[in-house]
Amino acid sequence: MTNTVACYQAVAADAPLEKGSLERRDLRPDDVRIEIEFAGICHSDIHTVREEWGKITFPMVTGHEIIGRVTEVGSDVTKFTVGERAGVGCLVDSCRECEWCLAGEENNCPNSVGTYNGIDRFDGTPTAGGYSTQIVVSEAFAIHIPESLDAAAATPLLCAGITTYSPLRTWGVKEGSKVAVVGMGGLGHVAVKLAKAMGADVTVISQTRSKEEDGRRYGATDWIATTEDPDAVKKRRGEFDVILNTVSAPINVRHYLAALRPHGALVMLGLPMHNLEFNAANVILGRKSVTGSNIGGIRETQEMIDFCAEHDVTAEIELINADTINEAYDRVVGSDVKYRFVIDAKTF
C-alpha cells in the first residue's frame, strides 16, 4: 500500500519544475514517515535536474536537505517516536555491510543510495527527495534534530553543514588552528561559522569585499580580496593549516599550496571543470596535501547537528514558497542569494 503526496518535480532538463504528486511506500519495519516542514535548495539539485551531471529519469523529485516531524514508525523502530523532529540528508540507504558502512562512513559505500536520483535496493524504484510533503526512510538514515535549532535555518546543514564540518574535523581543526575558506556562498558561510565555533582563526578568500561585513559577523577575522591583488594568497606563505575551497571556479593551486603551513591541506569541496595544475615540489616541500571531501556518514552528520545545536550554528536562509522554486533556481545559478534558499513544505 502506498501513499500519494504532493510534490514539485522536474519533467525535463529544459523545462521548469512543476507541481505534481508521487507515491511514498508503506512503512517497512525499520522505516519512519516524516511530514516535511522544510526542504533546502542545493546547487546539486539544479545540476541534476538540468542533466549537467549526466542523464536522469524523469519525472524527478529532488531535495536532500529535509527537516520535519515523525508521524508514523515501523514495528522495529527504536530510534524515533511519533512527534519527534527528524532530518534526512544526502543518503537514504547503503549496503550496511561493507567496511565503510561498518565504520560509519556510508557516504563511501559503493552501493550507497542517494535521497533522489537513486534506486531503492529492495524494490528497484527510483528514490524521490524532499520537494514533497512527506518522505519515508529507514530510521538508520534519519537524523535527530534538536528542538533548540531553528528548523528552517538548520535545514541546509543536512548538506552544506556536513560537507564543511567533515573536512574541518578530518583535518584536525581545533582551538588556535588557522583556516582559510575560499568563497562565501552557500557552503562557505557555513564553513566560516563552523570553523569559528571550533576555535579556529578564520580568513575568507573571495574575489571582492562585497560580503566582507557578513563574513566578519559570522566569525572571520581576516579577508583576502583576490581582485585587489592576484598574488595576495601566495603572499600569505606558510600561514594556514587548512584551506577549504568551496568554489567551482579555477584557482591557482600553487598559490594556495604556498599559503599552507607544513602538513597543511588544501581541501577541494567545489568541482572545477578544469584540471588542477601544480608541481610535485609544491606538495613535497612541507609535506602538504591537495585532497577532497564529500558529505559524511550518518554518525558524523548527527555529530555535526549536535555540534551546531551546542554552538548555535545555522545557515543564513531565504524562506520561499514552492511556486517560486524556478525563480530560486535561476537566482542560485546567478549567485543571487544570501545564502541558501529553503522551501516551506506547506506550500507544496
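How are helix 4 and helix 9 oriented to each other, roughly parallel or roughly perpendicular? In this predicted model, helix 4 (residues 160-170) packs with helix 9 (residues 298-311) at an angle of about 95 degrees. Angles of 65 to 115 degrees count as roughly perpendicular. The two helices are therefore roughly perpendicular to each other. Their axes lie 10 Å apart.

The contact draws on both helices. Helix 4 contributes Gly 161, Ile 162, Tyr 165, Ser 166 and Arg 169. These residues meet Glu 300, Thr 301, Glu 303, Met 304 and Phe 307 of helix 9. By class, the contact comprises four nonpolar, three polar and three charged residues. An α-helix has 3.6 residues a turn, so residues three or four places apart point the same way.

Helix 5 (residues 188-197) is largely enclosed by the rest of the structure, because eight of its 10 residues are buried. The buried residues are Gly 188, His 189, Val 190, Ala 191, Val 192, Lys 193, Leu 194 and Ala 195.

Strand 16 spans residues 317-320, and strand 17 spans residues 340-344. The two strands pair in the parallel sense, over four bridges. Within this pairing, Ile 317 stands opposite Arg 340 of strand 17.

How values were computed: Residues are numbered from 1 along each chain as its sequence is written. This is a predicted model: local features need pLDDT of at least 70, side-chain atom pairs count only at pLDDT 80 or more; totals for chains, interfaces and linings use all residues. Side-chain values use heavy atoms; hydrogens and water are left out. Two strands pair if DSSP finds at least two bridges between them. Buried means under 20% relative accessible area, exposed over 50%, partly exposed in between (1.4 Å probe, protein chains only). Axes are lines fitted to C-alpha atoms, for helices over the stretch in contact, and angles run from 0 to 180 degrees between N-to-C directions. Angles under 35 degrees count as roughly parallel, over 145 as roughly antiparallel, 65 to 115 as roughly perpendicular and the rest as oblique. Contact means heavy atoms within 4.5 Å. Ala, Val, Leu, Ile, Met, Phe, Trp, Tyr, Cys and Pro count as nonpolar, Asp, Glu, Lys and Arg as charged, and the others, Gly among them, as polar.
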